Amino acid sequence: MPTRSMLALVVVGALRASTVQAQGRDLAYASASFYEGLTGYTDVSGLPSGISIKYVVNARSDEANGEQGLVTFAVKNANGVVWTGLGFNDNPGMFGGDFVVVTPGSAMATFRDMYNHKKPYEMPLDDDAFTITPIKAYKTSSSLEFQFSRPLVSCRVSGLDGTTPISKRRRKLLATTIDNTPQTITDPTNWLSGRQDVSIHAKEGIYLQYAWGSSATFAQHSSSNRGALFTHIVDSPTVNTVDVTSYVDVKPKIATNMQAGATFYACTKHDLGTAVRYVVGWDIINSNPTHLHHAQMYFCTDGTTANDPFTSDSNVNVQSMKDHGYSVNGGASTGNSSIGANDVTQCGSMDVRCAEVVASWAVGGTRVVFPDGTARKIGGSAPGDIRYVMIERHWNAGTSSTQTDDSGFRLFTQSTAPTVGEVGIFLGGIPAHNALTIGANGLYNHVANCPGACTTKMFGSQDMTMFAYFPHQHTAGRASFTRQIRNGVELPPITSTPFYDFDFQTMRWINGFNRTIKPGDDLVFECAYDTRGRSTATQMGEGTEQEMCFMFFMYYPKMDLFSCYDAQGLAGATKKTSCGAPGGLDSRTGFSSNPNDLLDNTITVTTEYENTQISTCASFPPASPPPMPPPPMSPPPMAPPTSGFPRGVSTTLVALMSCTLFILHT
């Protein structure tokens, strides 16, 4: 029996010795069906009828010793003898994805190793190095089976962050001092080129994508022959056991009128009562999928008495808002009996003290379940208890007439307090302020600093444990990263999203399921933009045609903090970062101009992070020119919703879409 090291070396050796064909590698069919007889494999659940996928991890990766690891996949498509593809990506879309496509011939099946790096979407291109090992193929008159192996850690991808191609992204942004001045990207090939291989060993999980055609010839598939499922190939996080029969629905008591036009932000307030419950997960209640583009729940942490939580001298509109209430386990709503369709408030007048984001959803979002032992308390009567919340719904109606909507959130609850800690959401980045702009017709990188002075101010003596993250930009956004510096030494990146896709924004587990942030640690947020084709500068702001640079982190234990925004010169705050708790905010975006919240954001780096542990990464065959791309190909859809809370390798994370103010469009 080969050892783990031997298995890893066998795969690498096969890659080096093989003759690479631009259009793939042919394999003669096996004499009999083999898929059902494979043992020791893990079945992928949640697939549509006719498609079956299973895998087995032959050898775990070991970056420290240069071992890539090995995983074998088997696929059976009973929808016909047609081309079939299996993809790997960190989002449900094609942008940045790595694909294995098998086309059935009369006597042989052709395996193609492909990738996609363009938006709008196009037909994937053949890799310049064949990094998979075909094992078997078999066909009948009505089905196709195939089996192949591939490394868990790609040789052309950094091992620890799981996404950053070593040969492509040698960006030297971190000099002695990190400068938050916007930078023009002069090497677009290094910034926006495609990764031809995706590492799938990382603990943050991976989207398995599947698609098939209507014939054996590789061509654009139909909209129904595709999909994506989130899974953990190697290790899975332990999440709360959720009782789906124990829940609180927080939504408008009746459907409210949503104004016609391009954009409308509608807010309703809700009294959750004095009964204490603990939220362990949530789901969206989407009553108008055509027009609802995002929904958020804000906790009102103003510390006032339970009878007067929304009073604000400058906000009469919020004072007069009626209580839309809540319901328990499908029961009647507790909302005001006189609620009407027009009892909804424009969110711009919402009380700024209702600013802590605790649940967010946007197109494609699915259920969210917290890590085992964590939860968030709601209800109560003491000052500081979370009895009152605000629901924000962003409607992009695109119609000339008023429509209605009563979307909200279902909070899954338990009666016992968390044993590990309460969950919170921490936000970092750049304020969505119209005075800030991104240059025209070019590629730009914007950097936001959250210095150690801010983490010390906000954390006190408490460490923060991050477990999931969500990056948010708009349509010009192309990439984002979060870096961590401790005592001048840069640690592995917290987040790495080199192929940001506005159409597929998902919350992801932090690699390793958690990352400790200590008081005094520096955080650096980077957002790259592609404004080529835009003749004027792009403003930061709320609209889709504007831009954002937000990074949302889910963490525990809960602290009295909200955001860490690089001021970028706003309010005359040069080289300053705003770091304040919700009670002191100037707006719901989290930026505070209070001098006590504006701290110097100089960050000094003595040692940059550079992953050089995978010694095999420089040993690929010479590159071959890829073929000309065929006509455009439509993207796969978002992961389909599931009926339960799958755990283990088929855990459906968090397709949580978070943004304090953002707009999606069709």
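# Reading a predicted fold, feature by feature

Q: Ser327 is buried, with a relative accessible area of 9%. How should I read that number, and which residues does Ser327 touch?
A: Happy to start there, with one reminder: this is a predicted model. A residue counts as buried when its relative accessible area is under 20%, so Ser327, at 9%, qualifies. Ser327 sits in strand β19, residues 327-328. Leaving aside residues up to four places away in sequence, Ser327 touches Tyr247, Val248, Asp249, Ala332 and Ser333.

Q: What about nonpolar residues: how many make up the largest core?
A: The general idea first: in soluble globular proteins, nonpolar side chains tend to be buried together. In this model the largest nonpolar core holds 99 residues. Among those with the most contacts inside this core are Val250, Met297, Phe409 and Met554. Strand β39 (residues 549-556) supplies the largest share of the core, eight residues. There is also a second, separate core of 32 residues, including Val71, Phe73, Phe146 and Ile233.

Q: How do I read a helix, and which residues of α4 are buried?
A: An α-helix has 3.6 residues a turn, so residues three or four places apart point the same way. In helix α4 (residues 452-459), the buried residues are Gly452, Cys454, Thr455, Met458 and Phe459. Look down the axis of α4 and these buried residues fall within an arc of 155°, so they line one face of the helix.

Q: On to sheets. In which order do the strands of the five-stranded open sheet run?
A: Strands of a sheet pair through backbone hydrogen bonds, either parallel or antiparallel. Here the pairing is antiparallel and the order is β2-β3-β4-β10-β9. The edges are β2 (42-43) and β9 (133-139), each pairing on one side only. Take β9 and β10 (residues 144-150) as an example: six bridges join them in the antiparallel sense. Within that pairing, Ala137 has Phe146 of β10 as its bridge partner. Phe146 also belongs to the second core.

Q: How many disulfides are there, and what should I look at in each?
A: The count comes to three. Cys450 and Cys564 are joined with an S to S distance of 2.1 Å. Their S-S torsion is about 100°, so this disulfide is right-handed. Cys450 lies in β30 (residues 443-450) and Cys564 in β40 (residues 563-566), so the link ties together parts 114 residues apart in sequence. Both Cys450 and Cys564 are buried.

Q: Last topic, charges. How many salt bridges does a search of the whole structure find?
A: Side chains of opposite charge can pair when their charged atoms come close. The search finds 21 salt bridges. One of them joins Glu36 to Lys76, with the closest N and O atoms 3.6 Å apart. Glu36 lies in the loop between β1 (25-28) and β2, and Lys76 in β4 (residues 70-77), so the pair ties together parts 40 residues apart in sequence. Glu36 is exposed, at 58% relative accessible area.

Q: Which residue does Lys457 of helix α4 pair with?
A: Lys457 forms a salt bridge with Asp597, the closest N and O atoms being 3.1 Å apart. Asp597 is in the loop between β41 and β42 (598-600), so this pair ties together parts 140 residues apart in sequence. Lys457 is partly exposed at 40%, whereas Asp597 is buried at 10%.

Q: Which residues are linked in a network of salt bridges?
A: Glu356, Arg376, Glu422 and Lys558 are linked in such a network.

Notes:
Residues are numbered from 1 along each chain as its sequence is written. This is a predicted model: local features need pLDDT of at least 70, side-chain atom pairs count only at pLDDT 80 or more; totals for chains, interfaces and linings use all residues. Side-chain values use heavy atoms; hydrogens and water are left out. A nonpolar core is a set of buried Ala, Val, Leu, Ile, Met, Phe, Trp, Tyr and Cys residues joined through side-chain atoms within 4.5 Å. Buried means under 20% relative accessible area, exposed over 50%, partly exposed in between (1.4 Å probe, protein chains only). Helices (H or I, at least four residues) and strands (E, at least two) are DSSP runs, numbered from the N terminus. The arc is that of the directions from the helix axis to the C-beta atoms. Two strands pair if DSSP finds at least two bridges between them. A disulfide is a pair of cysteine sulfur atoms within 2.5 Å. Contact means heavy atoms within 4.5 Å. A salt bridge is a side-chain nitrogen of Lys or Arg within 4 Å of a carboxyl oxygen of Asp or Glu.
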